[in-house]
Number of protein chains: 2
Amino acid sequence: MLRLSKKTDYGLLALNYLASEAPAGVASARVIAEKYDIPVELLAKVMQQMARSGLVAAHKGAHGGYALGRAASTITLADIVESIDGPLAITACGRDDDPCDQYGSCTVRDPLWKVKDRILSVLQTTTLAEMGDKEVHVPLTVRI
Amino acid sequence: MLRLSKKTDYGLLALNYLASEAPAGVASARVIAEKYDIPVELLAKVMQQMARSGLVAAHKGAHGGYALGRAASTITLADIVESIDGPLAITACGRDDDPCDQYGSCTVRDPLWKVKDRILSVLQTTTLAEMGDKEVHVPLTVRI
DNA sequence: GTAATATAAGACCTAATAGGTCGGAGTTAC
DNA sequence: GTAACTCCGACCTATTAGGTCTTATATTAC
């Protein structure tokens with residue numbers, strides 16, 4: 001239902017931590033996982049994937065960990081989603097290669113792809129740096 | 001991974017059929033399902049849901065079927081998605097009522113909600129009528 | 001050199017839910 | 001009235017996201 005996976009959520013939290021809070025910009029998967037109560041092994045897998053995409057740089061060994069692979073201002077939400085969940089697709093029939101059962105008779109494919117492109121551009125124009133800027137919008141709700 | 005469900009795809013196809021191709025703007029779930037090779041009962045369930053939301057009007061009995069509940073120009077993609085899949089949410093932690101495990105420590109919730117609102121506005125500005133306008137973009141690929 | 005700590009990578013299990021199925025109840029045409 | 005057709009709502013199943021476990025490999029501190 002148009003939701004990004006939990007893995008992406010976790011990856012986003014981790015990147016944001018590396019960008020804003022981690023001492024010297026470095027932290028191990030274990031430290032980050034404990035900080036946010038995320039299963040360690042799962043976050044590790046996410047970090048590995050992001051390392052493969054170059055979003056983070058991995059340093060093995062004692063006092064190792066992960067650091068951002070490039071400036072936070074050059075990492076977009078689209079980069080993160082695609083790194084973890086693969087290429088963005090809002091329809092079941094992904095690309096030209098795997099046509100779905102309704103390919104021949106489908107009347108809404110082209111319009112939907114345009115919608116996808118518009119959503120993609122939203123993700124592409126949101127950078128990690130912007131998300132870290134915490135102009136916190138704490139709603140001033142008062143409970144009596 | 002940010003994908004809308006097959007049900008939504010099917011619902012969209014059905015609505016588009018009612019809007020553009022159905023004789024007198026009326027068709028039964030069976031007819032539509034056969035037209036697009038969709039499991040009849042599944043489409044029936046989708047149509048039911050959309051009937052509850054008022055997107056389509058149901059007519060029981062012989063020669064019955066479904067018709068659009070209101071003008072195609074007033075039905076947005078957001079209406080359809082919300083009718084079938086429920087309120088749009090891109091994160092696991094939906095609304096204020098059900099906080100996720102990371103609620104307290106989550107640093108990306110507010111920015112993500114802004115992203116959600118931007119995506120929502122994309123869906124809200126795309127109407128069924130626009131999607132039906134088939135300025136067909138058939139790619140001129142030639143196979144030798 | 002060795003022990004400790006870190007990532008890397010793969011198989012594997014489980015629980016949520018999207019996808020699909022079934023029998024029944026209501027309407028209409030004749 | 002009855003038969004044919006429709007919608008309707010509960011039920012089941014198969015896929016996959018989410019999470020776990022194990023082993024291997026690299027780096028650093030001592």
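## A pair of strands to start with

In chain A, A58(A) sits across from Y66(A), a residue of strand 2. Before going on, a word on what you're looking at: this is a predicted model, where local features need pLDDT of at least 70, side-chain atom pairs count only at pLDDT 80 or more, and totals for chains, interfaces and linings use all residues. Residues are numbered from 1 along each chain as its sequence is written, while chains are lettered from A and ligands numbered from 1 in the order in which they are written.

Back to the strands. Strand 1 (residues 56-59) of chain A pairs with strand 2 of chain A in the antiparallel sense, over four bridges; strands pair if DSSP finds at least two bridges between them.

## The layout of chain A

Chain A has six helices and two strands. Helices (H or I, at least four residues) and strands (E, at least two) are DSSP runs, numbered from the N terminus. Read from that end, the order is α-α-α-β-β-α-α-α.

How much of chain A counts as buried? The figure is 31% of its 144 residues. A residue is buried if 20 or more other C-beta atoms lie within 10 Å of its own, exposed if 12 or fewer, and partly exposed in between, with C-beta atoms placed from the backbone.

## The nonpolar core

In soluble globular proteins, nonpolar side chains tend to be buried together. Here, the largest nonpolar core holds 70 residues, and A14(A), L43(A), A14(B) and L43(B) touch the most other members. Such a core is a set of buried Ala, Val, Leu, Ile, Met, Phe, Trp, Tyr and Cys residues joined through C-beta atoms within 7 Å.

Take A14(A): leaving out residues up to four places away in sequence, A14(A) touches I32(A), L43(A) and M47(A). Two residues are in contact if their C-beta atoms, placed from the backbone, lie within 7 Å.

Where the chains meet, 37 residues of chain B are in contact with 37 residues of chain A. Helix 5 of chain B gives the most to its side, with six residues. That side has 19 nonpolar, nine polar and nine charged residues. For these classes, Ala, Val, Leu, Ile, Met, Phe, Trp, Tyr, Cys and Pro count as nonpolar, Asp, Glu, Lys and Arg as charged, and the others, Gly among them, as polar.

## Around the DNA

Which residues come nearest to DNA strand C? Of the 25 around it, they are A58(A), S5(B), K6(B), E41(B) and G61(B). A residue counts as near if its C-beta atom, placed from the backbone, lies within 6 Å of the strand.

DNA strand D is surrounded by 27 residues, and the closest are S5(A), K6(A), P39(A), G61(A) and A29(B). Helix 3 of chain B supplies the largest share of this surface, five residues. By class, the surface near DNA strand D has 10 nonpolar, eight polar and nine charged residues.
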